[in-house]
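Here's a quick briefing to read with the model open beside you. Have a look at the fold below, and then we'll go through it topic by topic.

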Amino acid sequence: MGPIDDAGTVEVRVRYAETDQMGRAHHRHYLVWCELGRTTLMRAHGMSYAEMERDGLLLPVSRVEVEYRVPVGYDERVRIHTRLERVRSREIVFAYRIARAGDDATLARARTWLVCADGRGRPRRFPEDVKRRLGEIVAVAAGEESAA
């Protein structure tokens with residue numbers, strides 16, 4: 001995974017409620033952080049999940065991969081770097097790098113696959129204008145990778 005657009009970066013502090021008995025962030029919260037990352041990225045590029053849902057377009061998660069590398073503890077600051085990696089006719093893929101805010105050490109890497117669905121949850125193609133806008137977000141990330 002290459003560089004990430006600053007628009008796709010958000011920082012959180014690990015809350016006590018997010019930790020397990022060992023004082024480490026529980027693995028399920030990484031998925032919440034990924035959701036925060038992708039909604040932040042979309043919003044920064046002028047696209048809102050709420051707006052898309054009002055228009056009858058849903059994006060349910062169909063697949064998740066997370067590679068946990070280094071545990072993170074209570075009250076540590078975590079930075080979620082997110083990029084839109086791929087857009088297909090009915091699917092988009094987001095990539096994430098979850099890092100410690102202080103030294104940018106990678107704590108985890110993740111990917112989520114989301115399927116375009118109608119208001120009843122049935123798969124459908126992205127409307128052309130939405131697909132074009134999503135493609136522009138992918139192009140921003142691709143341009144940053146080639147510049148690195």
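L31 counts as partly exposed because its relative accessibility is 38%; buried would mean under 20% relative accessible area and exposed over 50%, with partly exposed in between (1.4 Å probe, protein chains only). Keep in mind that this is a predicted model, where local features need pLDDT of at least 70, side-chain atom pairs count only at pLDDT 80 or more, and totals for chains, interfaces and linings use all residues. Residues are numbered from 1 along each chain as its sequence is written, and side-chain values use heavy atoms, with hydrogens and water left out.

**Surface patches**

- L31 sits in helix α1 (residues 28-44); helices (H or I, at least four residues) and strands (E, at least two) are DSSP runs, numbered from the N terminus.
- Together with V61 and V64, L31 makes a nonpolar surface patch with about 210 Å² of accessible area, by the Shrake-Rupley method with a 1.4 Å probe, where for residues only the protein chains shown count as cover.
- Patch members have over 30% relative accessible area and no salt bridge, and are joined within 9 Å for like charges or within 5 Å for nonpolar side chains (Val, Leu, Ile, Met, Phe, Trp, Tyr).
- A salt bridge here is a side-chain nitrogen of Lys or Arg within 4 Å of a carboxyl oxygen of Asp or Glu.
- There's a negatively charged surface patch too, made up of E51, D55, E128 and D129.
- E51 belongs to helix α2 (residues 49-54), and with a relative accessible area of 37% it is partly exposed.

**Strand β3 and its partners**

- Nine of the eleven residues in strand β3 (residues 77-87) are buried, so it's mostly covered.
- On one side of the pairing list, strand β1 (residues 9-13) runs antiparallel to β3, with five bridges joining them; strands pair if DSSP finds at least two bridges between them.
- R13 is the residue opposite R77 of β3.
- Strand β4 (residues 91-100) is also antiparallel to β3, through nine bridges, and a hairpin of three residues links the two.
- Within that pairing, R86 has V93 of β4 as its bridge partner.

**Loops worth a look**

- D75 is not a glycine, yet its phi is positive, at about 75°.
- You'll find D75 in the loop between β2 (61-68) and β3, partly exposed at 39% relative accessibility.
- D104 also has a positive phi, near 60°, and lies in the loop between β4 and β5 (106-115).
- G46, in the loop between α1 and α2, has its C-alpha atom 18 Å from that of H81.

Notes
Lys, Arg positive; Asp, Glu negative; His and termini not counted. Charge placed at Lys NZ, Arg CZ, Asp CG, Glu CD.
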